[in-house]
Amino acid sequence: MKLHHVIEAQQFDVPTLLQLFAVAERMEQVAARGGITDYQNRIMATLFYEPSTRTRFSFETAMHRLGGHVISTENAAEFSSVAKGETLEDTIRILNGYADVIVIRHKEVGSAKRAAAVSRVPVINAGDGAGQHPTQALLDLYTIRKEIGAIEGLRIAMVGDLAQGRTVRSLAYLLSKFADVRLYFVAPPLLKMKEDILEHLRERHVWWTEETALDKVLPEVDVVYQTRVQKERFGDRIADYEECRGVYIINQASLRLMKEKAIIMHPLPRLEEITMEVDADPRAAYFRQAQNGLYVRMALLTMVLG
Amino acid sequence: MKLHHVIEAQQFDVPTLLQLFAVAERMEQVAARGGITDYQNRIMATLFYEPSTRTRFSFETAMHRLGGHVISTENAAEFSSVAKGETLEDTIRILNGYADVIVIRHKEVGSAKRAAAVSRVPVINAGDGAGQHPTQALLDLYTIRKEIGAIEGLRIAMVGDLAQGRTVRSLAYLLSKFADVRLYFVAPPLLKMKEDILEHLRERHVWWTEETALDKVLPEVDVVYQTRVQKERFGDRIADYEECRGVYIINQASLRLMKEKAIIMHPLPRLEEITMEVDADPRAAYFRQAQNGLYVRMALLTMVLG
Amino acid sequence: MKLHHVIEAQQFDVPTLLQLFAVAERMEQVAARGGITDYQNRIMATLFYEPSTRTRFSFETAMHRLGGHVISTENAAEFSSVAKGETLEDTIRILNGYADVIVIRHKEVGSAKRAAAVSRVPVINAGDGAGQHPTQALLDLYTIRKEIGAIEGLRIAMVGDLAQGRTVRSLAYLLSKFADVRLYFVAPPLLKMKEDILEHLRERHVWWTEETALDKVLPEVDVVYQTRVQKERFGDRIADYEECRGVYIINQASLRLMKEKAIIMHPLPRLEEITMEVDADPRAAYFRQAQNGLYVRMALLTMVLG
């Protein structure tokens with residue numbers, strides 16, 4: 001099975017997901033022995049208009065572990081001919097002459113799709129503003145399957161900023177493809193999951209509920225997916241931000257309420273929403289989750305590069 | 001034939017140009033199969049004091065396709081010891097201990113020459129302010145030869161900002177070395193080709209003319225070399241900029257006036273001076289031209305690295 | 001002998017130093033033939049929160065000459081999730097999933113130690129503010145041994161900003177481990193060597209003296225270690241800065257006073273404290289010293305990567 005562009009979580013059906021996960025498992029072994037050199041004739045361009053050192057490092061490590069080369073920009077918006085008014089389409093057409101795969105991160109929703117529309121080489125969306133961040137959703141799903149054993153029958157709490165967090169939105173969408181999943185949305189009133197996702201879940205007959213008391217939900221679920229209340233999305237509505245942050249904190253007390261085999265996930269960076277004392281608990285899966293990003297991105301690169 | 005430093009277009013005589021183009025042709029084949037590993041023991045430093053993501057990517061791709069390594073800075077002026085007052089000469093001397101070839105881009109005219117004067121390893125000029133950008137001129141010439149078949153007998157229109165555009169200045173200089181070339185300079189009065197180039201052409205007995213009506217020239221020429229009116233070079237003379245931009249636009253109507261085998265070139269980025277509708281026409285050569293930059297830079301690297 | 005983290009000069013005992021220098025000598029030969037590919041399965045992350053193009057280039061060249069891969073950030077503080085409030089510890093934990101060795105530069109004293117405390121993979125301190133810059137101290141010591149033949153019996157003048165220059169502080173510390181070393185501290189009153197180092201030297205029974213007349217010291221010593229008076233460390237105390245800079249200048253006249261076999265060192269960048277005319281003298285060792293940084297860093301990388 002060969003992928004071309006990776007633009008949004010919705011493009012993945014269950015067989016493709018399972019295929020991706022099988023490749024990612026093999027990539028864990030590849031990475032464990034330091035990598036391979038099979039892709040030494042391939043070049044990946046990381047075209048980041050919006051900086052994200054971690055996501056960039058994850059993709060670049062993936063390419064290096066495959067033996068490939070990387071050309072990289074941390075801040076394309078400021079530095080490139082974009083400043084002179086070049087369209088994204090022209091930039092992509094030019095990069096087509098250099099790179100075998102383009103990883104793009106951009107502030108504008110839909111930019112990865114625009115890039116893919118003119119690109120001969122595969123384009124991978126590494127986040128387009130408030131839009132999609134599909135590789136994050138894929139590594140989240142991979143982590144759930146690896147840690148819990150199966151996605152079918154999952155009970156998951158999504159906590160925090162469900163309104164603006166693209167991570168939980170994409171993950172909810174992907175989970176709706178699997179049987180007998182139950183979603184518990186735990187959010188302050190200002191940050192509730194938006195109607196488009198809820199409507200999608202209704203259509204797919206997926207069980208979901210909205211809760212405000214985290215402690216009530218914790219004993220029920222296999223996965224607590226905690227998110228950061230993103231200050232930068234509130235603009236100058238400081239009071240709203242202050243009201244929302246700190247409502248839901250995962251700490252030692254939370255651990256006592258959780259199932260023994262449950263896990264805590266977080267897309268990172270985390271601030272105070274998971275206290276440091278939680279890190280030592282084996283159920284703290286968020287750093288393992290970040291590492292899974294490497295395997296999933298290695299798998300995606302091999303699938304788009306063929 | 002071995003090159004050492006690549007500082008300005010004028011250093012290339014016709015035999016060296018033909019040699020370079022023969023190597024660049026071989027590099028097309030090398031790049032088509034993904035590259036070689038012959039230069040895996042060589043390191044290129046891209047020392048960019050002025051950002052230019054595209055030029056940097058082109059050089060770095062060239063080095064990677066040869067199997068070499070790259071150390072890279074996007075914005076040396078802001079980040080390095082330059083901020084502490086280090087001279088360019090000291091920076092180059094130190095880099096001589098690390099890299100096998102240095103690609104430099106700098107705001108100041110003559111900086112590449114200064115760098116070369118103290119460098120044991122080859123220095124390649126990737127643009128020194130309003131001065132030179134020799135690899136652009138070389139890839140332009142390579143593109144003309146490849147697309148048109150020969151440089152001798154060429155009829156070329158240079159359009160737009162001929163006063164400040166270093167690209168057209170260097171290209172006019174290089175073309176003067178070939179027999180029976182005719183140059184049509186099409187520019188607004190404020191942006192006419194400067195006297196030093198015109199004088200050089202007179203000395204070499206090269207045929208040239210100045211025109212203001214682009215449509216009159218289009219049916220005559222094999223190459224239309226369009227350029228961007230560079231806002232950044234006007235400073236606060238906004239009215240002058242507004243008067244000059246948009247005077248000469250290549251569009252569908254232009255295509256109807258042009259010869260069937262003619263081509264349109266542009267150093268990119270392009271704004272409105274070539275409309276998007278032109279892109280689909282086979283005579284639109286500007287993206288192929290950008291790609292040729294890769295082959296010419298691969299060829300230059302092999303020639304300076306030996 | 002295997003190293004793990006490289007955090008501060010004090011961690012190195014004499015046997016480890018000698019082992020490191022033996023490896024660095026072999027690395028000179030490795031670098032002379034362009035490098036090796038033994039480390040092609042290893043990835044180094046350069047995590048620079050404070051920009052230093054030269055130090056970054058030196059480490060990255062070292063890794064490339066060993067055949068390894070590099071993921072790199074020039075300005076982590078501005079670009080990464082740090083801006084969103086992520087702790088250094090979390091960043092390091094995540095990078096542990098990607099890289100085999102982490103080279104960190106940070107504004108805060110103690111940050112490298114904090115990084116090492118949570119890191120499974122080796123951490124190398126590339127400068128933590130006014131704290132340590134151990135690889136600089138190691139390359140300084142390596143240079144002295146290589147140029148002078150031995151460290152025992154050395155007479156060295158340390159000149160300039162001894163109060164704030166971490167380089168001379170670390171070097172004085174390392175030199176105290178060797179027999180019969182004599183240290184001449186030559187500094188303006190505002191920039192004298194601080195009491196903690198003097199006290200340490202007293203405890204170790206190391207001979208030292210404080211002088212204000214450089215010319216009196218020059219005929220005595222084997223090494224003149226000149227430093228820059230760092231404007232950035234004076235803040236708004238411009239008058240103090242102006243008083244201190246330019247007090248001690250190494251020029252042609254200084255060369256006439258120096259021993260024939262003595263050398264001049266400088267951590268670079270240098271401003272006016274060593275005049276350009278000195279560069280051509282064989283005793284000007286500062287560019288060779290910078291190059292030795294490559295060999296010492298290659299040696300450190302092989303020792304921490306095993």
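**Sheet, helix packing and chain arrangement**

In this predicted model, strand S5 (residues 155-159) of chain B runs parallel to strand S6 (residues 182-186) of chain B, and the two are joined by five bridges. Arg155(B) has Arg182(B) in S6(B) as its bridge partner. Both strands belong to an open sheet of five strands in chain B, with the order S7-S6-S5-S8-S9 and parallel pairing. Strand S7 (207-211) and strand S9 (263-265) of chain B form the edges, each pairing on one side only. From one strand to the next, the twist averages 20 degrees. Helix H6 (residues 134-148) of chain B packs on this sheet, where S5, strand S8 (223-226) and S9 of chain B are touched. The direction of H6(B) makes about 170 degrees with that of S9(B).

In chain C, helix H1 (residues 14-32) packs against helix H6 (residues 134-148) at an angle of about 75 degrees, the axes lying 11 Å apart. H1(C) is therefore roughly perpendicular to H6(C). On the H1(C) side, the contact involves Leu17(C), Leu18(C), Leu20(C), Phe21(C), Ala24(C), Glu25(C) and Glu28(C). These residues meet Leu138(C), Leu141(C), Tyr142(C), Arg145(C) and Lys146(C) in H6(C). By class, the contact of H1(C) with H6(C) comprises eight nonpolar and four charged residues, with no polar ones.

Methods
Residues numbered from 1 in each chain as written. Chains lettered and ligands numbered in written order. Predicted model: local features only at pLDDT ≥ 70, side-chain atom pairs only at ≥ 80, totals over all residues. Heavy atoms only, no water. Axes fitted to C-alpha atoms, helices over the stretch in contact; angles between N-to-C directions. Helix = DSSP H or I, 4+ residues; strand = E, 2+ residues; numbered from the N terminus. Parallel < 35°, antiparallel > 145°, perpendicular 65-115°, else oblique. Contact = heavy atoms within 4.5 Å. Nonpolar A, V, L, I, M, F, W, Y, C, P; charged D, E, K, R; others polar. Pairing = 2+ DSSP bridges.
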